[in-house]
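Please look through the sequence and the structure shown here. The paragraphs that follow lead from one part to the next.

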Amino acid sequence: MGIPRPTNPDQEPATDFEDGHGSLVLLVLLASVVGAGAGAIGTLFRIFLEHADAWRDGLIGWAHAAPVMGFLLVTAGCAAAVALAACLVRRYSPEASGSGIPHVEAVLRKDVPPAPIMVLPVKFVGGLLAIGSGLALGREGPSVQMGAIVAHMTGTLAK
């Protein structure tokens with residue numbers, strides 16, 4: 001019976017099993033690896049952010065006992081964390097700046113190359129420092145970009 005051909009002549013089938021260039025089983029296994037890897041990174045990121053948030057809340061609670069000095073220490077600590085996050089991005093991986101979702105979309109459109117692997121630890125630690133210190137940022141953008149890096153690494157290793 002064979003693989004049904006697309007009705008639109010501009011479309012090609014995703015995989016051609018007759019010439020041995022692809023395997024649906026391999027694709028499913030690789031997708032499972034990517035899903036597990038991206039899920040693990042996203043879960044760890046969320047857990048670490050929750051701990052950072054609890055730590056920051058505890059620090060703010062402590063700071064209420066010494067209003068002026070507490071305010072200065074909390075502000076200085078959060079500013080130092082944000083400065084360290086910015087330094088990590090500037091020095092080690094400028095591609096890690098921003099939310100990450102626009103970069104992933106640009107990669108899918110083939111406008112830019114995929115992010116290098118160094119973006120993953122910088123995005124993780126920098127996001128943890130910036131979001132954990134109280135900046136009004138979401139965890140979704142970094143999670144999407146880190147998941148995309150896991151997918152790209154898996155695809156590269158699997159050829």
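Helix 4 is mostly covered, with 11 of its 14 residues buried; buried here means under 20% relative accessible area, exposed means over 50%, and partly exposed lies in between, as found with a 1.4 Å probe and protein chains only. Among the buried residues of helix 4 are Val119, Leu120, Phe124, Leu128 and Ile131, together with Lys123. The buried residues of this helix pack against helix 1, helix 2 and helix 5, where a contact means heavy atoms within 4.5 Å. From its first C-alpha to its last, helix 4 reaches 18 Å, close to the 20 Å expected at 1.5 Å a residue; the expected span is 1.5 Å times one less than the number of residues. Gly134, which follows helix 4, has a positive phi near 110°.

The model is a predicted one, in which local features need a pLDDT of at least 70 and side-chain atom pairs count only at pLDDT 80 or more, while totals for chains, interfaces and linings use all residues. Residues are numbered from 1 along each chain as its sequence is written, and side-chain values use heavy atoms, with hydrogens and water left out. The pLDDT is the predictor's confidence in each residue, on a scale from 0 to 100. The protein averages 82, and 86% of the residues score at least 70. Confidence is lowest in helix 3, with a mean of 84, and highest in helix 2 (residues 67-92), with 90. Where pLDDT is low, the predicted coordinates should not be read in detail.

The protein has 5 helices and 0 strands; helices (H or I, at least four residues) and strands (E, at least two) are DSSP runs, numbered from the N terminus. Along the sequence the pattern reads α-α-α-α-α. Of the 159 residues in the protein, 26% are buried. Among contacts with a separation of 6 or more, 67% join residues 24 or more positions apart. Ala83 belongs to helix 2 and is partly exposed, because its relative accessibility is 44%. Ala130, by contrast, is one of the buried residues of helix 4.

Helix 1 covers residues 24-63, and its 40 residues should span 58 Å at 1.5 Å a residue; the end C-alpha atoms are 57 Å apart, which agrees. Its buried residues include Val34, Ile41, Phe45, Leu49 and Arg56, and the buried residues of helix 1 pack against helix 2, helix 4 and helix 5.

Which charged side chains pair in this model? Side chains of opposite charge can pair when their charged atoms come close. A salt bridge is counted when a side-chain nitrogen of Lys or Arg lies within 4 Å of a carboxyl oxygen of Asp or Glu, and the count comes to 3 salt bridges. In one of them, Glu50 and Arg46 meet at 3.0 Å, N to O. Both lie in helix 1, 4 residues apart, about one turn of the helix. Glu50 is partly exposed because its relative accessibility is 46%, and Arg46 is partly exposed at 42%. Another salt bridge joins Arg56 and Asp53, with the closest N and O atoms 2.4 Å apart; these two residues also lie in helix 1, 3 residues apart. Arg56 counts as buried because its relative accessibility is 15%, whereas Asp53 is partly exposed at 33%. An α-helix has 3.6 residues a turn, so residues three or four places apart point the same way.

A further salt bridge links Asp111 and Arg109, the closest N and O atoms being 2.9 Å apart. Asp111 is exposed at 51% relative accessibility, and Arg109 is exposed at 52%. Lys110 is found in the loop between helix 3 (101-108) and helix 4 (119-132). Lys110 has a positive phi of about 65° although it is not a glycine. Most residues other than glycine have a negative phi. Lys110 counts as exposed because its relative accessibility is 74%.

The axes of helix 3 and helix 5 (residues 140-158) come within 8 Å and cross at roughly 35°; axes are lines fitted to C-alpha atoms, for helices over the stretch in contact, and angles run from 0 to 180 degrees between N-to-C directions. Ile101, His103 and Val104 of helix 3 make this contact with Gly141, Val144, Gln145 and Ala148 of helix 5.
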